[in-house]
Amino acid sequence: MRTVLFLTAGLLLLGSMLVLARLFVAHYPAAVTWAGAGFLALWLLICAVNMWVGVARAGYSVAEELPILLLNFAVPAAIGVLLAWKLR
């Protein structure tokens, strides 16, 4: 259930970054590109912190948390790259 909530949070963050970029695209044409790159960096940091919490606090091993990190990062990142590419 936590993974589903995390994926939902990632998609909501992506949506908010793209809406914000669309507000600035009239005056700054590279806003969508910057928003996409900013989202990827921020989302990777959030996913890494989530993995650290799982290892340090919850007692999981890195090998157990790594597939969850990849899933949590890859799904919103792939959708974000696709949307940023289509919105350019």
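## Basis of the description

Helices are DSSP runs of H or I with at least four residues, numbered from the N terminus; Asn-72 is found in one of them, helix α3. The model is predicted, so local features need pLDDT of at least 70 and side-chain atom pairs count only at pLDDT 80 or more, while totals for chains, interfaces and linings use all residues. Residues are numbered from 1 along each chain as its sequence is written, and side-chain values use heavy atoms, with hydrogens and water left out.

## Helix α3 and its cover

Helix α3 spans residues 62-87, 26 residues in total. From its first C-alpha to its last α3 reaches 36 Å, close to the 38 Å expected at 1.5 Å a residue, the expected span being 1.5 Å times one less than the number of residues.

## Packing of α1 against α3

The axes of α1 and α3 come within 10 Å and cross at roughly 25°. This makes the two helices roughly parallel, since angles under 35 degrees count as roughly parallel, over 145 as roughly antiparallel, 65 to 115 as roughly perpendicular and the rest as oblique. Axes here are lines fitted to C-alpha atoms, for helices over the stretch in contact, with angles from 0 to 180 degrees between N-to-C directions. The crossing of α1 past α3 is right-handed, that is, the near helix is turned clockwise from the far one by less than a right angle.

Contact means heavy atoms within 4.5 Å. On the α1 side the residues that meet α3 include Thr-3, Phe-6, Leu-7 and Gly-10; on the α3 side they include Ile-68, Leu-71, Asn-72 and Val-75.

## Packing of α2 against α3

The axes of α2 and α3 come within 9 Å and cross at roughly 170°, and the two helices are therefore roughly antiparallel. Among the α2 residues that meet α3 are Phe-39, Trp-43, Cys-47 and Asn-50; among their counterparts in α3 are Glu-65, Leu-69, Asn-72 and Ala-84.

## Asn-72

Asn-72 counts as buried because its relative accessibility is 2%. Leaving aside neighbours within four places in sequence, Asn-72 is in contact with Thr-3, Phe-6, Leu-7, Trp-43, Cys-47 and Asn-50.

## Aromatic cluster

A search of the whole structure finds two aromatic pairs. Rings of Phe, Tyr and Trp (its six-membered ring) pair if their centres lie within 6.5 Å; planes under 30 degrees apart count as stacked, over 60 as edge-to-face and the rest as tilted. Phe-6 and Trp-43 form a tilted pair, 5.3 Å centre to centre with 35° between the planes. This pair links distant parts of the chain, with Phe-6 in α1 and Trp-43 in α2, 37 residues apart, and both residues are buried.

Phe-39 and Trp-43 form a stacked pair, 6.2 Å centre to centre with 10° between the planes. Both lie in helix α2, four residues apart, about one turn of the helix, and Phe-39 is buried, as is Trp-43. Phe-6, Phe-39 and Trp-43 form one aromatic cluster.

## Trp-34

Trp-34 also has its place in helix α2. Trp-34 is exposed because its relative accessible area is 58%. The C-alpha atoms of Trp-34 and Arg-2, 32 residues apart along the chain, are separated by 29 Å.

Methods: Buried < 20%, exposed > 50% of the residue type's maximum accessible area, 1.4 Å probe, protein only.
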